[in-house]
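I opened the model to look up a few things and kept these entries as I went.

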Amino acid sequence: MEPMKIEDWIETMSAHFPIVVADESWQLDFVAQEPSEYEPRALQAVLRSITWDEFDGQRMVRDIKEQSVAFGRLEHFELRDRYVAYLRALKRVLAGCDPDELTMSMPSDCVHAEVLDLVSVRDEDGFVAALSTPGRLGALRG
């Protein structure tokens with residue numbers, strides 16, 4: 001098996017972002033990959049959250065937050081189907097969160113890549129359940 005390359009991870013991330021809530025008032029964008037200064041095999045991403053307001057029929061930016069966020073390790077991405085299941089679950093759970101709660105959050109509050117360490121979680125529904133707990137994104141569901 002050919003080793004995973006960071007370019008493959010960037011392509012996968014780009015394919016699953018932006019993540020947008022149902023009313024389109026908040027979104028999370030993948031901006032770039034960033035090398036980790038602490039762990040060479042860490043997957044580090046720059047994420048940007050954008051909150052939108054509508055005024056007189058015009059969409060305007062109300063808030064932008066950008067942050068470097070840990071997105072697991074290269075070992076997690078080596079199980080690519082499982083990693084994609086995590087990204088799909090993240091999209092599903094964030095899409096159902098309260099936009100007002102998300103507006104008050106930093107991008108790092110929205111990722112919870114530690115669920116990738118849960119060996120019992122193998123598929124998208126399992127990741128949805130893990131991400132939806134009150135200690136993770138369940139607290140942002142309003």
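**Entry 1, the sheet.** I started from R48 and looked for its bridge partner in β4, which turned out to be E66. I was reading a predicted model here, and I kept that in mind for every entry. The two strands concerned are β3, residues 42-55, and β4, residues 58-73, and I noted that 13 bridges join them and that they run antiparallel. Where they turn, I found a hairpin with two residues between the strands, in which D56 takes a positive phi near 50°.

I then went on to the other neighbour of β3 and found that β2 is joined to β3 by seven bridges, again in an antiparallel run. As one example I wrote down Q27, whose bridge partner in β3 is I50.

As a reminder to myself, strands of a sheet pair through backbone hydrogen bonds, either parallel or antiparallel.

I next stepped back and counted five helices and four strands in the protein chain, which follow one another along the sequence as α-β-β-β-β-α-α-α-α. For the extent of the C-alpha trace I noted about 55 × 30 × 25 Å along the principal axes. I also checked the radius of gyration, which is 15 Å, and this agrees with the value near 14 Å that a compact globule of 142 residues would have.

Of the contacts with a separation of 6 or more, I found that 62% come from residues 24 or more positions apart. I noted that 42% of the 142 residues count as buried, and that the accessible surface comes to about 7700 Å², with 51% of it belonging to carbon and sulfur atoms. For the charges, I recorded 15 positive and 27 negative ones, whose mean positions are 5 Å apart.

Is V115 buried or exposed? I found 0% relative accessibility, and because buried means under 20%, V115 counts as buried. V115 sits in the loop between α4, residues 99-103, and α5, residues 124-131. Leaving out residues up to four places away in sequence, I listed its contacts as R82, Y86, F127, A130, L131 and R136. Last, I looked up V115 against K5, and the two are 110 residues apart in sequence and 22 Å apart in space, C-alpha to C-alpha.

Notes
Residues numbered from 1 in each chain as written. Predicted model: local features only at pLDDT ≥ 70, side-chain atom pairs only at ≥ 80, totals over all residues. Heavy atoms only, no water. Rg over C-alpha atoms; globule rule 2.2 N^0.38 Å. Buried < 20%, exposed > 50% of the residue type's maximum accessible area, 1.4 Å probe, protein only. Contact = heavy atoms within 4.5 Å. Areas by Shrake-Rupley, 256 points an atom, 1.4 Å probe, with all protein chains shown as cover. Lys, Arg positive; Asp, Glu negative; His and termini not counted. Charge placed at Lys NZ, Arg CZ, Asp CG, Glu CD. Pairing = 2+ DSSP bridges.
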